[in-house]
Every structure is written in C-alpha cells, then in structure tokens.
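Visitor: I am new here and would like a friendly tour. Could you show me what we are looking at?

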Amino acid sequence: MQIEPRPFDDPDVRSLVDEVQAEYVRRYGGPDETVLVPGEFAAPTGAFLLAHVHGRPVGIGGWRSPTRAHGLRDGDAEIKRMYVRADARRRGIARRILEALERSASESGRSRMVLETGTAQPEAIAMYETAGYTPMPERYGRYADEPSSLYYSKELPPIRRATDTDLRVLQEIERSAGLVFAEIGMDAVAEDEPPTPDELRAHLGRCWVWHDGDDRAVAYLILDVVDGAAHIEQVSVHADHARRGIGRALIEHAAGWARDHGYPHLTLTTFRDVAWNAPYYTRLGFTVVDDARLTPGLRRLLAEESARGFASWPRVAMRRSL
C-alpha cells in the first residue's frame, strides 16, 4: 500500500468522498453538510491523502487549518473525510492514513489534530482512542449542538522539514552529539567535522528536525535511498536534549514516511559496540545485516566510513522491515 497527496477534487478522491457520504446517510439519515472547499486541503495549510493498493484506491483522509472563527486554536489541524472502503477494512489502513495525516500536519507546523465524529461510528471512535486521541472541550462546526457529535484531539510532536535557515544549527547539533564519543575514547569520531551547509542542503527534501518552543532545531534526521531501501544517513540529537526519546520519534517519523512511499526496509550503518548505537537500534526493531547479505550500497558506505578513520571500531549495517 502507498499513501500519496491528491487534490480534493481528484476523481479517485471524489469517488471515495461519495462513498463516505453514502455511509453517513446509512448511519445518520443524511450526508455531512459541512462545506469543504478544495483549496482548504492544499499545502502548506492542508493536505488530502489517497491510499491505494496495487493501484486501486482504498481510503482517504484530509486535514485543513481552521481559524479562530471555527472556535479552535491557532495551530490546529482539523481532520475531514476519513474513510476506508468496506472490503479493505480491518487491515490497518485507516490507522496508516491517520498517522500519515499527523506527519503531514506536523511537518506543516501544526501542533494539534482535532476531529469530529459521531456516536454511530463506534469503529472510528475506538481507532481514534487507541491512536491517542482524547475528548476535547471545544465543540465546533455545523453539528456542534448535536448530541451525537463527539470531538477529539491529539497533540503533535514538534517535527518539521528542515529549511535552509536550519543548516548552521544542524552543524551545531552534530558537533554537540559527537562530544559524547570522546568520553569513551573515540576521539576521531568526536572530532569528525559535520557535513558542510552545501552537503546538508542537498538533503533538504528528506531532512526532518525536532524543534523547541522557539522553533529552533535541537535534533535532526536525514533519509537517503540506498539499493531501493530508505536509509538513515544521519540522526543526531543535541547533548542538551538527549535521553528524551527525540531520536526515536524522528526515526518513527521517517519510518512512516518511507512506508507510505512504498519502501520495504529502513537501513543504517552504525557502531556495533557503542551502547547508544547498534544496541539502541536493536531495541527499535533493527537487525544486523550479515556480511554475506550486504547490498552493494551498504558495502560501499561501510568502506567509505572505514576510510574516514572509523576502522578502529567495528561498524555494521542494520535493517528494519517496514
């Protein structure tokens, strides 16, 4: 299955929107008459996603940026038209679409997801609650006064795409993250120079940062493609923000992005015996790739790392199935 952005007025999207409206008629006696404008679901203030399996559309979902006039907060992203075809349910597709919407909204600077559902949709309610959504006090929209309407929200992680203005900060993060290697005698690693701004700039399309309350990056992850797999080129957390689960959150964000784009695996290279390297990634579901099963790209990366002076400490390639 792949999940990709589509315009709200795309024919495949419209066909599924018609199906969800028919579902509302069956469950509530009438369609959802909330006015939705295609432009509301255009980047960077919205998105609409289509899930398809072997080219067949099976599910949809979108988010838009409501205004204070809607009775919501600045930074909210409102989910609309979540739907999976009846013959494709119970396969985790709705959850995958929901997670993709959350990543999209987070990357666009949204801080909270909000949604309206109804008592006649117990399956949806169960999914949202399992995904971490909790009842919210605000009631909004056309059906705010309807007893059957239920409202949920979920805070989003501060993850966004890196921009050109982040590049110098990413170098600072890399230097800070490297200092801990000096504490275990790996001075060559600690003193290794971070990528140049130009080298980092080449990765901006697949580089995510975790930012603080002032929108300053404190951690970052770069994703590349190696031998048909999504490859974590670098993940670094500033020492002042270590041990807070930030690296794990960035890895899960990248894994979700890679899965949506149809990549079968997530790979990386790392130090075998450093506690916060291979043993840490093992806990996140990665396994060591045996030498005999190394792909040409992974073999090349390990050789390049050895040439940079890392040969004194064993390096391994690791893979996680998506």
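This is a predicted model: local features need pLDDT of at least 70, side-chain atom pairs count only at pLDDT 80 or more; totals for chains, interfaces and linings use all residues.

Visitor: Is His-54 buried or exposed?

Guide: The relative accessible area of His-54 is 85%. Exposed means over 50%. His-54 therefore counts as exposed.

Visitor: What is the phi of Arg-243?

Guide: Arg-243 sits in the loop between strand E11 (229-237) and helix H7 (246-260). Arg-243 counts as exposed, because its relative accessibility is 87%. Its phi is positive in a residue other than glycine, with a value near 60 degrees.

Visitor: Now to the pockets. Which element gives the largest share of the lining of the second largest pocket?

Guide: The second largest pocket holds about 980 Å³ of space, and 36 residues line it. Elements that each supply at least two lining residues include helix H1 (11-28), strand E4 (76-84) and helix H2 (93-107). The largest share is six residues, and it comes from E4.

Visitor: How many residues in that lining of the second largest pocket are nonpolar?

Guide: Tyr-24, Met-82, Thr-117, Gln-121 and Ala-124 are the lining residues nearest the pocket's centre. By class, the lining has 12 charged residues and seven polar ones, and the nonpolar residues number 17.

Visitor: What kind of aromatic pair do Tyr-24 and Tyr-28 form?

Guide: The whole structure has 14 aromatic pairs. In this one, the ring centres lie 6.4 Å apart and the planes meet at 55 degrees, so the pair is tilted.

Visitor: Which helix holds both Tyr-24 and Tyr-28?

Guide: Tyr-24 is buried, because its relative accessibility is 12%, while Tyr-28 is partly exposed at 33%. The two are four residues apart, about one turn, and both lie in helix H1.

Visitor: What is the angle between the planes of Tyr-128 and Tyr-133?

Guide: Both of these tyrosines, Tyr-128 and Tyr-133, are buried. Their rings form an edge-to-face pair, 5.7 Å centre to centre, and the angle between the planes is 65 degrees.

Visitor: Which residue lies over the face of Phe-271?

Guide: Phe-271 belongs to one aromatic cluster with Phe-181, Trp-276, Phe-310 and Trp-313. At 4.3 Å from the ring centre of Phe-271, the residue over the face is Arg-315.

Visitor: And the strands: which residue in E7 is the bridge partner of Gly-118?

Guide: E5 and strand E7 (residues 149-155) pair over seven bridges, in the antiparallel sense. In E7, the bridge partner of Gly-118 is Ser-149.

Visitor: Which residue in E7 is the bridge partner of Pro-135?

Guide: Strand E6 (residues 134-135) and E7 run antiparallel and are joined by two bridges. Across from Pro-135, the bridge partner in E7 is Tyr-152.

Conventions
Residues are numbered from 1 along each chain as its sequence is written. Side-chain values use heavy atoms; hydrogens and water are left out. On a 1 Å grid over the protein atoms alone, a cavity is a set of points where a 1.4 Å probe fits but cannot get out, and a pocket is an open set with protein on both sides within 12 Å along at least five of seven lines; lining residues have an atom within 4 Å of a point. Grid points are joined across faces, edges and corners, and a volume is the space filled by probe spheres set on the points. Ala, Val, Leu, Ile, Met, Phe, Trp, Tyr, Cys and Pro count as nonpolar, Asp, Glu, Lys and Arg as charged, and the others, Gly among them, as polar. Two strands pair if DSSP finds at least two bridges between them. Rings of Phe, Tyr and Trp (its six-membered ring) pair if their centres lie within 6.5 Å; planes under 30 degrees apart count as stacked, over 60 as edge-to-face and the rest as tilted. Buried means under 20% relative accessible area, exposed over 50%, partly exposed in between (1.4 Å probe, protein chains only). A charge sits over a ring if NZ of Lys or CZ of Arg is within 6 Å of the ring centre and within 35 degrees of the ring normal.
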